[in-house]
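Here is a short report for a first look at this structure. Keep the sequence and the 3D view at hand while reading.

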Amino acid sequence: MYDTINMYYNILDNPAPSVEKLFEHCNNKSEHYNVKNDSSYVQGDLRNMRVTLNESSISVKGSICKYFYGNNIDTLNITNTREALNQISADLSIDIHKASVSRIDFSTNIVTDFTPTIYYPYLGQLSRFERYEQPNSIYYNQQAKRLLFYDKIEEAKKKGMTIPKQHIGDNLLRYELVLNKGISRYLKYNGLYVQDLGSEELFKKLLHLWYSHYQQIQKHSKQLNPMTNNINNPKTAWKELLEELVRKNPEMVDHFSKQIKEKQLFKHKEYYSRFNARIRKIHQTEVIKNPLIEELSSKIEDIYIELM
């Protein structure tokens with residue numbers, strides 16, 4: 001499930017190979033000079049991984065999936081992750097396990113019954129994240145982490161990647177958790193190192209975060225069905241219609257709620273929390289079951305159970 005990893009190997013505290021040995025298996029080796037801080041550095045590409053050597057460290061950044069498999073459509077299990085990291089160590093003549101980690105992308109593909117974009121409208125807001133929707137993806141953004149849902153086959157075609165035979169004809173929805181700031185503190189590690197990527201403990205901790213964040217996303221019903229909602233008079237009809245509109249327009253409702261608070265329209269402060277609590281309750285209550293969300297949730301849960 002590991003994909004992009006950013007690693008930093010400190011050459012002041014660890015053995016460092018010669019420049020020739022470090023870049024022996026790299027392509028596109030080049031030397032650079034940074035005028036701003038009067039420093040020089042050397043770069044090269046280890047397959048898809050960008051390797052940079054400066055006066056104090058070696059950085060290695062990129063998808064370890066693509067490095068190991070030649071594509072990042074297939075995903076790594078923990079055994080393959082260990083193999084990939086050992087191979088990087090051998091290729092660069094350093095013990096990459098001693099490098100610190102500043103970014104982790106943790107993801108896998110869900111083979112869905114329909115094209116991935118069909119599912120996006122039913123994935124609603126996530127508390128403390130900003131939700132953004134693109135033609136082929138949606139993502140939830142926060143300063144230190146991000147969730148992405150996107151069409152992996154569509155992305156691969158745009159980048160000119162070869163689709164693995166086992167996935168030709170599949171609908172692949174990629175669900176990805178990206179941690180890119182303060183990872184050690186967030187995961188409660190006293191320093192996070194590449195050697196930790198091979199541990200069951202870290203893998204399961206990330207798997208739980210990946211799954212629990214999906215669980216916390218508000219899920220929308222597919223449609224309003226008056227026959228199943230006990231609508232029998234104008235009052236109940238208006239109530240159900242209002243609640244459905246709240247579910248279907250989360251961004252508009254969120255903006256409306258913020259405007260009320262900014263303009264201080266309520267006389268009492270507790271009214272704001274009551275108002276938002278009511279909105280949350282509406283989002284948490286399904287009008288009818290949504291077969292698309294049931295399918296997606298079931299498949300994500302199956303992955304979680306299998307790997308946990």
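## A lysine in a loop

K219 sits in the loop between α6 and α7 (234-248). Helices (H or I, at least four residues) and strands (E, at least two) are DSSP runs, numbered from the N terminus. K219 has a relative accessible area of 13%, so it counts as buried. Buried means under 20% relative accessible area, exposed means over 50%, and partly exposed lies in between (1.4 Å probe, protein chains only).

What does the side chain of K219 reach at 2.8 Å? It is the backbone oxygen of Y214. The side chain of K219 also reaches the backbone oxygen of I217, at 2.7 Å. A polar contact is a pair of N or O atoms within 3.5 Å; within protein, one must be able to donate a hydrogen and the other to accept it, and residues adjacent in sequence count only if both atoms are side-chain atoms.

## About the model

This is a predicted model, where local features need pLDDT of at least 70 and side-chain atom pairs count only at pLDDT 80 or more, while totals for chains, interfaces and linings use all residues. Residues are numbered from 1 along each chain as its sequence is written, and side-chain values use heavy atoms, leaving out hydrogens and water.

## Helix α6

Helix α6 covers residues 200-216, 17 residues in total. Its first and last C-alpha atoms are 24 Å apart, close to the 24 Å expected at 1.5 Å a residue. The expected span is 1.5 Å times one less than the number of residues.

The buried residues of α6 include L202, F203, L206, W210 and H213. Y214, whose backbone oxygen the side chain of K219 reaches, is also one of the buried residues of α6.

## Paired strands

Strand β10 (residues 171-179) is mostly covered, with eight of its nine residues buried. Strand β6 (residues 100-112) runs antiparallel to β10, and nine bridges join them. Here I104 has L179 of β10 as its bridge partner. Strand β9 (residues 145-151) is also antiparallel to β10, with seven bridges. D151 stands opposite L173 in β10. Two strands pair if DSSP finds at least two bridges between them.

Strand β1 (residues 2-10) is mostly covered too: seven of its nine residues are buried. Five bridges pair β1 with β6 in the antiparallel sense, and Y2 stands opposite F106 in β6. Seven bridges pair β1 with strand β5 (residues 57-63), again antiparallel. M7 has V60 of β5 as its bridge partner.

## A nonpolar surface patch

Which residues form a nonpolar patch on the surface? They are W238, L241 and L245, with about 340 Å² of accessible area together. L241 lies in helix α7. Its relative accessibility is 35%, so L241 counts as partly exposed.

## Positive phi in two loops

Most residues other than glycine have a negative phi. S93 has a positive phi, near 60°. S93 is in the loop between α3 (78-92) and β6. It counts as partly exposed because its relative accessibility is 31%.

Q264 also has a positive phi, near 50°. Its place is the loop between α8 (250-262) and α9 (270-284). Is Q264 buried or exposed? At 65% relative accessibility, Q264 counts as exposed.

Note on methods: Patch = residues over 30% accessible without salt bridge, like charges linked within 9 Å, V, L, I, M, F, W, Y side chains within 5 Å. Areas by Shrake-Rupley, 256 points an atom, 1.4 Å probe, with all protein chains shown as cover. Salt bridge = Lys/Arg side-chain N within 4 Å of Asp/Glu carboxyl O.
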